[in-house]
Amino acid sequence: MLDVQNLSMTIMIEDAAVPILRDVSLQVAAGESIGLVGESGSGKSMTLRSILRIEPENATVSGRITLDGLDVHSLRGEALRRMRATDVAMIAQNPHAVLNPVLPVERYLIEGMHDAQGVPRRQARLRAGELLEQVGIERIDLVLGSYPHQLSGGMLQRVVIAGAIAGEPKLLLADEPTTALDVTTQAEVMAILDECRRELGMAMLFVTHDLDLAASVCDRINVMKDGEIVERGVPEQLRDHPEHPYTRVLMESRPATVMWASNREAEVAHD
Amino acid sequence: MKALAKRLGPIGVGAAFIFAIVVVGALLAPLIAPYDPTIGSVTQRFQGPSLDHLFGTDQAGRDIFSRILWGARSSLVGPLIVVAVTGVLGTGIALTSVWWGGAVDSAISRVLDLLFAFPNLLLAMLAIAVFGPSLTTAALALSISYIPYTARVIRSMALRERNLAYVRSPQLQGISGAVITARHLVPNVAPLIITGATINFGFAMIEIAALSFLGLAVQPPLADWGLMVSNGQQSLLKGYPAESMLAGLFIVLTVASLGYIGERLGGRAAAGRRS
Amino acid sequence: MPLIFVVRRLAALIGVLIVSSFLVFAAMYAAPGSPENFLVQGRTVTPEVLAAIRKQYSLDDPFFVRFWNWFTNVLQGNFGQSLSNRQDVGDLLANRLPTTLTLVLLAAILIVVLGIALGVIGGLRDGVADKIIILGSNVGFAVPTFFAALILMSIFSVGLGWFPVFGSGVGVVDRIWHLTLPALALALPSLAVVARITRTAIREERHSEHAVMASARGVPARLVLGRHIIRNSMLPVSTVVGVHIAGLIAGAFVVEYAFTLDGIGTLLVNAVQKKDFAVVQAIAIILVAAFGIINLLVDLLYASIDPRVRLGAAR
């Protein structure tokens with residue numbers, strides 16, 4: 001369904017072209033969950049962003065991305081907007097940045113359904129409540145009327161997940177969806193995401209720095225380093241017989257990444 | 001020097017050059033001004049530009065070029081007083097506030113809040129009402145009204161610096177507060193003070209020129225750019241715009257140059273202005 | 001925003017007003033030279049006449065008594081008599097207020113409408129339009145209001161004859177016509193700053209995660225622009241606009257004087273020159289009050305558009 005062929009990207013930083021991605025190729029079949037694992041700066045997020053055409057303005061992209069045979073980079077205007085609204089949904093790392101801080105949560109959900117997907121406003125409003133129920137939120141009216149800064153990261157990420165599954169897209173792009181969250185809610189949010197995906201039969205491209213986490217939710221995994229995919233395989237194979245030295249490093253550094261993750265959480269909370 | 005030029009960028013270097021010319025002109029005015037700026041001749045009224053009178057003459061027959069040169073002096077001295085007094089008092093007050101903390105800090109911030117309640121020009125006009133119009137009164141009153149801006153920035157910066165290890169360690173060793181403050185804090189907040197001064201100089205120049213324009217700061221027959229704009233207003237309406245336009249242009253050039261330099265160095269935040 | 005916050009701010013403002021009126025009164029009291037000398041204006045008069053004047057203006061009362069009398073009168077709206085022409089200060093102010101208010105209001109509208117519009121254009125367009133707006137805002141900020149007044153006057157009044165040179169006009173339409181150039185001159189430096197701040201804010205919001213993600217969710221570009229980019233960029237802009245509108249109060253003195261408008265500003269300038277302390281005191285208090293009230297309104301407005309301020313930032 002999703003076919004990324006030889007994707008390369010460079011970004012101009014002060015007159016110098018910095019390579020971000022080199023010949024990245026990967027495929028996601030319908031209903032399949034694919035992992036993209038690497039440390040920060042390895043180009044995982046940029047791969048996801050170029051699928052939705054939201055790469056930085058100063059980036060040059062080459063290669064081919066097709067979605068059910070449709071060339072994503074040839075899409076313009078209304079066609080691109082429709083693809084974004086109905087076919088692919090993204091869950092980004094920091095939900096506090098994704099929701100507009102001056103609008104209540106309800107507006108975020110209605111915007112996605114009414115303004116992007118064309119669902120009548122009334123219907124969108126009713127559906128917003130149902131969606132929150134689906135992602136395990138209990139005090140629905142309270143959450144709908146809240147502003148983003150009043151909710152925890154975990155709660156807010158559930159709202160983002162609810163928004164992402166609202167249009168039942170073919171493909172979910174998840175970019176470190178639990179990294180910015182409190183350690184205690186990480187597992188919960190991950191479980192909800194995985195459950196929703198399976199229930200609705202959506203495919204997922206899951207980006208993380210945590211090989212163990214990827215192994216638990218993905219059918220196949222791509223390991224990425226310095227903008228290139230260095231190893232790919234099924235989780236058991238990567239875990240038990242990693243071939244590339246970097247994959248081994250990722251396996252061994254697991255406790256450290258957990259610590260790193262909790263430091264990140266502290267930073268985000270501080271912000 | 002090279003690092004500074006790089007930070008300023010090509011336009012910034014040009015701006016610094018313009019400001020330098022104005023300063024040199026002001027310093028050398030007695031040597032290079034061809035005429036006495038205060039004495040004119042009735043037969044020489046409203047002359048156009050010529051080799052004798054580069055910028056022409058005003059309604060009293062005075063040489064405008066000489067008046068611009070001499071005017072640079074009073075136009076620069078006022079803001080210089082403001083920036084110096086504000087810099088010294090603002091920094092002193094901020095450091096006192098940070099050093100003593102507690103009741104001293106809150107008393108000082110109450111007083112600064114009270115100063116914030118008066119628009120700058122209003123405070124200056126009240127001082128002038130009491131002490132009579134003069135450049136010194138105007139400049140000193142404006143200095144006082146600028147103190148809260150400077151003190152606020154320096155205070156928050158110093159508060160951060162104070163908690164850093166290098167300031168704390170000598171404190172533990174028992175060296176007196178004043179010495180520590182002078183040795184460590186002042187050099188570290190100095191760049192901020194200088195950037196703030198650059199920006200405040202421009203603000204002060206415009207506000208003192210405005211007071212001179214109102215007849216409340218520099219007094220005639222002295223040459224001063226703000227006064228010249230006001231003095232030339234009648235001539236301008238009669239079709240002789242040279243005096244007002246040239247004096248105004250020099251104010252704009254000087255303020256714009258300084259503003260650009262300050263912006264490149266650290267922005268208006270360093271002057272404690274929200275904008 | 002909790003009501004308690006508003007009440008506390010109002011109380012603080014009242015406190016500031018009381019302390020400032022005391023300080024202003026004390027400063028005038030301590031001014032060198034005795035008030036009766038201003039009154040007789042250099043004429044030689046007999047000691048009896050001087051004594052009569054001192055009695056008429058209660059100059060022999062102790063300082064605190066005089067302050068108390070003045071202060072309680074001000075609270076009742078009685079600002080006393082002008083020392084120079086014996087007119088009631090309250091009447092003088094009432095006659096002058098409409099001109100100043102219209103001037104400040106027109107300038108405020110220009111700052112908000114033009115400043116924000118130019119900033120939005122500069123923030124969204126790259127190329128010539130943006131370059132012109134950056135240059136214009138850099139220079140515009142450096143143009144003193146009194147110089148802008150002269151330039152506008154010489155181009156549009158003397159040169160083209162489109163607007164009157166002096167005076168404030170009678171009736172609403174005529175007044176606006178008379179005050180257009182003065183308002184433009186008064187607004188110019190602030191307009192330049194607001195345009196630049198708006199431009200920066202728009203550029204930042206364009207790249208903000210919530211705007212990018214809204215596009216990525218297929219929200220139409222028009223809605224992303226209005227709902228995410230422009231709306232959110234107004235948060236920093238609103239405080240700057242507020243500071244500048246409050247600042248117009250003082251700037252108005254200079255522009256009124258340049259255009260010889262009969263507003264509060266010209267009255268203050270003349271009163272300062274003549275040492276007419278009754279008028280100076282009254283205007284100072286009114287301006288401090290207006291300045292404080294505008295600043296308070298701006299903070300309330302800011303709170304009303306940013307829920308993080310309104311509802312507290314605690315999660």
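**Notes on a three-chain predicted model**

1. Helices (H or I, at least four residues) and strands (E, at least two) are DSSP runs, numbered from the N terminus.

2. Before going on, some ground rules. This is a predicted model, in which local features need pLDDT of at least 70 and side-chain atom pairs count only at pLDDT 80 or more, while totals for chains, interfaces and linings use all residues. Residues are numbered from 1 along each chain as its sequence is written, chains are lettered from A and ligands numbered from 1 in the order in which they are written, and side-chain values use heavy atoms, with hydrogens and water left out.

3. Back to the strands of chain A. Strand β1 (residues 2-13) of chain A pairs with strand β2 (residues 16-28) of chain A in the antiparallel sense, over nine bridges; two strands pair if DSSP finds at least two bridges between them. Within this pairing, M9(A) has L21(A) in β2(A) as its bridge partner. β1(A) is also joined by eight bridges to strand β4 (residues 59-67) of chain A, again antiparallel. There, Q5(A) stands opposite R64(A) of β4(A).

4. How confident is the predictor? Look at pLDDT, its confidence in each residue, from 0 to 100. Chain A averages 85, with 93% of the residues scoring at least 70. Do look carefully at residues 255-271 of chain A, where pLDDT stays under 50 and the model has 16 contacts beyond four places in sequence. Chain B averages 82, and 89% of the residues score at least 70. Among the elements of chain B, helix α4 (residues 120-131) has the highest mean pLDDT (90) and helix α6 (residues 165-173) the lowest (59).

5. Which chains meet? Contact means heavy atoms within 4.5 Å. Two pairs of chains are in contact, and chains B and C share the most contacts. Chain A and chain B do not touch, their nearest C-alpha atoms being 15 Å apart.

6. Now the meeting of chain C with chain B. It takes 46 residues from chain C and 40 residues from chain B. The two bury about 3700 Å² between them, 81% of it on carbon and sulfur atoms; buried area is the accessible area (1.4 Å probe) that two parts lose on being put together, summed over both. On the side of chain C, F146(C), F147(C) and L150(C) lose the most area to chain B, together 17% of what that side buries.

7. What about charges here? The rule finds zero salt bridges between chain C and chain B, a salt bridge being a side-chain nitrogen of Lys or Arg within 4 Å of a carboxyl oxygen of Asp or Glu.

8. The meeting of chain C with chain A takes 29 residues from chain C and 31 residues from chain A. About 2600 Å² is buried between them, of which carbon and sulfur atoms give 54%. There are five salt bridges between chain C and chain A. R217(C) forms a salt bridge with E111(A), with the closest N and O atoms 3.1 Å apart. The elements giving two or more residues to this side of chain C are α9 (209-216), α10 (221-258) and α13 (307-310). Of these, α9(C) gives the most, with seven residues.

Methods: pLDDT is the predictor's confidence in each residue, from 0 to 100.
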